Amino acid sequence: AAMTVHYAICPAHPGAHLFHVTVTVEAPDPAGQLFMLPAWIPGSYMIREFARNIVRLTALDGDTPVRVEKLDKHTWRAAPVAGPLTLAYEVYAWDLSVRAAHLDKTHGFFNGTSVFLLPIGHEGAPCRVDLLPPEGKDYADWQVATGLAPARGTRRGSFGTYLAADYDELIDCPVEMGSFVTGRFDVLGVPHEIVITGSVPKLDMARLTADLARVCEVQMRLFAPRGRTPAARSRTGAAAPFERYTFLTMAVGDGYGGLEHRNSTALICKRDDLPHLGMTDSTVAYRTFLGLASHEYFHSWNVKRIRPAAFVPYDLTTENYTRLLWAFEGFTSYYDDLLLARAGLLSEAQYLDTLAGTLTTVMQRASRLKQSVADSSFDAWIKYYRQDENAPNSVVSYYQKGALVALALDLTIRAGTNHRLSLDDVMRHLWQQWVEAGDGYTGVDEDGILAAAEDVTGLSLARVLREWTEGTRDPDFAKLLAPFGVAVEARPALDSPHFALLGVKFADGKLVNVFDGSPAQAAGLSGGDTLVALDDIRVTAGNLDKLLARYRPGDTVRVHAFRRDELQVFDVRLSTRPPSKFTLLADARAGKTAVAARRKWLGA
Ligand code: ZN
């Protein structure tokens with residue numbers, strides 16, 4: 001058996017945002033032990049070079065310093081010693097996102113990819129991690145939340161020793177520490193908790209846990225439906241592929257994001273997105289939070305377990321290319337809101353509104369005609385994750401367009417099988433492949449989604465699916481939705497005059513994006529320009545739409561703008577053909593068959 005790798009991490013200087021970390025290898029490589037820190041974190045497809053936050057590093061043979069040298073940006077080699085060999089280092093943690101590490105006097109959060117060096121050759125070795133408390137009475141009430149299992153003698157939720165089966169599990173279990181609030185709930189016998197860091201006055205935890213429980217149950221039942229054989233369930237035989245689940249949530253004034261893990265997720269949200277006592281309605285903000293939680297939870301199956309062959313295993317030193325993120329992110333985006341509807345947390349009309357919003361965003365951008373979702377998946381590392389002012393014109397979202405592909409595929413399967421089968425059956429089939437393969441799972445080949453969909457349904461889907469994913473043809477949503485009694489309506493998007501008449505996104509006085517084919521682009525305006533005046537009246541951060549409201553399509557306005565520090569003048573002829581906004585309406589006159597098909601789809 002491989003010898004355990006021993007880690008210890010301490011939030012040693014919260015004020016300076018420094019974690020102290022050690023890693024000890026009992027039997028280091030006699031030729032000189034190599035250590036590596038990942039260049040990226042699975043689920044967030046961008047090279048982040050976490051090693052840049054390692055401030056200083058020393059190697060020790062007992063108490064004796066050992067020479068250590070850097071071989072490349074994220075690899076170190078210690079001089080040969082008999083062992084045990086310890087590396088001690090500091091990690092600067094001041095990235096308030098779900099992807100890295102953050103530490104101050106209010107809390108600490110880290111992903112293992114930011115803090116735990118891998119002793120190369122020990123990837124499969126079990127890991128022990130001592131989570132050490134910060135020193136001082138200010139931190140007496142700090143607790144710990146993580147998906148890592150506590151070792152014997154450590155109480156779950158307190159500082160102490162935690163275990164991971166291997167390095168892959170170690171870095172897939174982020175850790176939160178601080179004085180947070182916790183809500184607990186069971187779903188089909190599986191314990192769940194939500195931990196909320198950050199101040200949320202009058203939080204309605206009872207409502208939050210009740211609603212999350214409904215979403216989680218719908219998802220568990222989707223993958224392990226009642227009445228199915230245990231083979232359709234997880235390897236552990238439970239209703240879920242994990243023994244417990246933790247939503248690690250950071251509530252802030254403004255922020256949004258989530259990252260999926262095998263038995264937990266890290267979320268960042270606005271405190272106003274969370275329900276407070278006395279709030280009884282379902283706000284758009286709260287539905288946004290539930291959608292985010294639903295999205296990351298669905299990833300427990302789709303991408304954490306069912307995953308592209310290109311991710312088996314992950315290569316954490318470099319980009320891992322797949323053309324399938326439209327299935328792993330897009331399908332997950334489709335199901336996140338759909339399953340809120342099925343859980344009764346979105347009404348049919350609310351769900352169709354949300355879907356129409358996605359349709360509008362995708363259709364309003366020229367990027368969907370220039371890049372396929374398969375190409376966008378492949379280039380995620382340099383495009384989707386590194387968007388600039390031209391992104392709406394050049395980068396199609398494999399989340400949003402991918403969700404529309406999932407919708408189109410789901411509706412095609414439902415209509416093509418007389419509403420007997422659906423995309424749910426394809427997901428269960430992919431899940432079954434994971435369950436049956438056990439440790440020999442090799443992942444989903446690049447044509448594996450199509451193969452699964454055709455195997456399950458017996459339909460010929462190659463032509464349409466290739467058009468939608470490898471090509472840039474829009475699915476015909478009006479035609480696809482008709483059998484479900486849903487009508488698609490398009491009208492000019494006039495509610496935002498600067499978008500409709502100038503063709504720009506505008507924030508804080510500046511142009512954020514100038515859309516392809518727009519009047520602003522024709523006049524020469526550019527992303528980053530600071531608007532100064534419209535027909536000689538000053539433009540402020542808040543008055544642009546009010547100024548534009550006096551004008552009619554086809555009018556010409558004189559725009560003064562600073563490009564860098566140079567004042568420029570542009571004559572802009574306001575659009576006579578504003579982009580379309582889509583609405584999806586449940587047709588009141590639809591026949592019984594269509595209504596039944598819609599109910600089956602939305603579970604309403
Ligand atoms: Zn996702």
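A residue counts as buried when its relative accessible area is under 20%, as exposed when that area is over 50%, and as partly exposed in between. The model on the screen is a predicted one.

**Stop one: the zinc ion**

Select the zinc ion. Which residues are its protein donors? They are His-295 and His-299, each through NE2, and Glu-329 through OE, at 2.0 to 2.1 Å from the zinc ion. Along the sequence these donor residues follow the spacing H-x3-H-x29-E. Now colour helix H4 (residues 284-298), where His-295 lies, and helix H5 (residues 325-342), where Glu-329 lies; the pair therefore ties together parts that are 34 residues apart in sequence.

Is His-295 buried or exposed? Its relative accessibility is 7%, so His-295 counts as buried. Glu-329, at 1%, is buried by the same cut-off.

**Stop two: helix H11**

Select residues 423-437, which form helix H11. This helix has 15 residues and reaches 21 Å from its first C-alpha to its last, close to the 21 Å expected at 1.5 Å a residue. H11 is mostly covered, with 11 of its 15 residues buried. Among the buried ones are Leu-423, Arg-428, Trp-431 and Trp-434.

Which helices do the buried residues of H11 pack against? Show helix H3 (205-223), H4, H5, helix H10 (400-416) and helix H12 (448-457) to see them.

Then look at the two ends. At the N-terminal end, Ser-422 caps H11, with a side-chain oxygen 3.1 Å from the backbone nitrogen of Asp-424. After H11 comes Gly-438, which has a positive phi near 55°.

**Stop three: aromatic rings**

Trp-431 and Trp-434 also belong to a cluster linked by ring pairs.

Tyr-384 is partly exposed, at 23% relative accessibility.

Next select Phe-484 and Trp-601. Their ring centres lie 5.7 Å apart with the planes at 65°, so this pair is edge-to-face too. It links distant parts of the chain, 117 residues apart: Phe-484 sits in the loop between helix H14 (477-481) and strand E22 (486-492), and Trp-601 in helix H18 (residues 592-602). Phe-484 is buried at 0% relative accessibility, and Trp-601 is likewise buried at 0%.

**Stop four: backbone details**

Most residues other than glycine have a negative phi, and most peptide bonds are trans. The remaining selections depart from that.

- Gly-83 and Pro-84 are joined by a cis peptide bond with omega about -5°. Pro-84 is in the loop between strand E7 (75-78) and strand E8 (85-92).
- Val-312 and Pro-313 are joined by a cis peptide bond with omega about -10°. Pro-313 is in the loop between H4 and H5.
- Glu-49 has a positive phi, near 55°. It is in the loop between strand E3 (34-36) and strand E4 (54-61), and it is partly exposed at 32%.
- Asp-535 has a positive phi, near 45°. It is in the loop between strand E25 (530-534) and strand E26 (537-538), and it is partly exposed at 29%.

Definitions and conventions: Residues numbered from 1 in each chain as written. Predicted model: local features only at pLDDT ≥ 70, side-chain atom pairs only at ≥ 80, totals over all residues. Heavy atoms only, no water. Donors = N, O, S within 2.8 Å, 3.2 Å for Na, K, Ca; no water. Helix = DSSP H or I, 4+ residues; strand = E, 2+ residues; numbered from the N terminus. Buried < 20%, exposed > 50% of the residue type's maximum accessible area, 1.4 Å probe, protein only. Phe/Tyr/Trp six-rings, centres within 6.5 Å; stacked < 30°, edge-to-face > 60°. Expected span 1.5 Å × (residues − 1). Contact = heavy atoms within 4.5 Å. Polar contact = N/O pair within 3.5 Å; in protein donor to acceptor, adjacent residues only side chain to side chain.
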